[in-house]
Amino acid sequence: MLLPVDLAFGAVLAVLLAAAAAVVAVARLRPARETVVAGVRAAVQLAAVSLVIGWVVRAVPLLLLFLLMMYGVAVRTAGRRLTHNRTWWWAAAPVGAGVAPVVAALLLTGLVPVEGIALIPVTGILIGGALTATVLGGRRALDELATRHGEVEAGLALGLLPREARLEVARQATADALLPGLDQTRTVGLVTLPGAFVGMLLGGASPLLAGAVQLFVLVALMAVQAVAVAVVLELVARGVLHREEGSGRRRVPWREQKGSSS
């Protein structure tokens, strides 16, 4: 057994969580409470999933319901990280657009069977990647537009459509959301050995098979994240996904701006 689940395991986890919260608090990075809550939630959620997953893998309806729950939680998490107004639910588009085609291709080609023991971890990895890319890309785009709103207005004055003006300002910053996935793929085996590779080795698979599975996961993640970032950038550029402006200025709807610029 790699990690014996005993009192020492719990004590080390508690110390690591407390250390993370203390560093965050001392450096004034985020509220320390967020780190503690995240750790406790992870423990509770993983314990619950460990109990439930044994039932889920036995029936397709339960499997589909579980996958939908994963998707819904990802959408809610991503949306609320981007904005607190009612447009948060548009986060469903980049997450779904990235994950759905890849999962469909895996099922249609038979590379992944319709079985919970295989479909749940693969889909979970892809949804997690789409969630991360959506949050990073969306936040960078919205932050850039808020900081450089004068450049957007200058673009409108020059005759650009609102979408084009926003894209000119936000595209490069949004593209940075792809860097973590690209760096992970470029350095795999040299800097880190990702979870899928290590997990298969511990499960008794050959190093060659473990490497092939990990390569597939990394390439699939790059595809998922590329789609997610492209879609969230488009939503922000069209003004569909937005934040309320804190400066007191009225947010002009995209259609209204389009009409005034023409």
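Guide: Helices α5 and α10 pack at an angle of about 35°, with their axes 8 Å apart; the axes are lines fitted to C-alpha atoms, for helices over the stretch in contact, and angles run from 0 to 180 degrees between N-to-C directions. This is a predicted model, in which local features need pLDDT of at least 70, side-chain atom pairs count only at pLDDT 80 or more, and totals for chains, interfaces and linings use all residues. Residues are numbered from 1 along each chain as its sequence is written, and side-chain values use heavy atoms, with hydrogens and water left out.

Visitor: Which residues make the contact of α5 with α10?

Guide: Counting contact as heavy atoms within 4.5 Å, α5 brings residues including Ile125, Leu126, Gly129, Ala130 and Ala133, while α10 brings Val217, Ala220, Leu221 and Val224 among others. By class, this contact of α5 with α10 has 15 nonpolar, five polar and no charged residues, where Ala, Val, Leu, Ile, Met, Phe, Trp, Tyr, Cys and Pro count as nonpolar, Asp, Glu, Lys and Arg as charged, and the others, Gly among them, as polar.

Visitor: And how many helices are there in the chain?

Guide: The chain has eleven helices and zero strands, helices being DSSP runs of H or I with at least four residues and strands runs of E with at least two, numbered from the N terminus. The C-alpha trace spans about 65 × 50 × 40 Å along its principal axes.

Visitor: Back to α5: are α4 and α5 roughly parallel or antiparallel?

Guide: Helix α4 (residues 92–109) packs against α5 at an angle of about 155°, with the axes 9 Å apart, and the two are therefore roughly antiparallel to each other; angles under 35 degrees count as roughly parallel, over 145 as roughly antiparallel, 65 to 115 as roughly perpendicular and the rest as oblique. The contact of α4 with α5 divides into twelve nonpolar, two polar and no charged residues.

Visitor: What about α3 and α5, how do their axes cross?

Guide: The axes of α3 (residues 60–82) and α5 come within 9 Å and cross at roughly 15°, which makes α3 roughly parallel to α5. Among the residues that meet here are Leu63, Phe66 and Met70 in α3, and Leu119, Ile120 and Thr123 in α5. By class, the contact of α3 with α5 has 14 nonpolar, six polar and two charged residues.

Visitor: New topic: how many cavities of 30 Å³ or more are there?

Guide: The count comes to one cavity of 30 Å³ or more. On a 1 Å grid over the protein atoms alone, a cavity is a set of points where a 1.4 Å probe fits but cannot get out, a pocket is an open set with protein on both sides within 12 Å along at least five of seven lines, and lining residues have an atom within 4 Å of a point. About 30 Å³ of space lies in the largest cavity.

Visitor: Which residues line the largest cavity?

Guide: Its lining is formed by Leu106, Val122, Ile125, Leu126, Phe216, Val217 and Ala220, and the elements that give two or more residues to it are α5 (116–147) and α10 (207–237). By class, that lining has seven nonpolar, no polar and no charged residues.

Visitor: And how much space lies in the largest pocket?

Guide: The largest pocket holds about 1,200 Å³ of space, and of the 31 residues that line the pocket, Arg41, Gln45, Val73, Thr77 and Leu131 are the closest to its centre. Helices α2 (32–56), α3 and α5 each supply at least two residues of the pocket lining, which by class has 18 nonpolar, six polar and seven charged residues.

Notes: Points joined across faces, edges and corners; volume = space filled by probe spheres on them.
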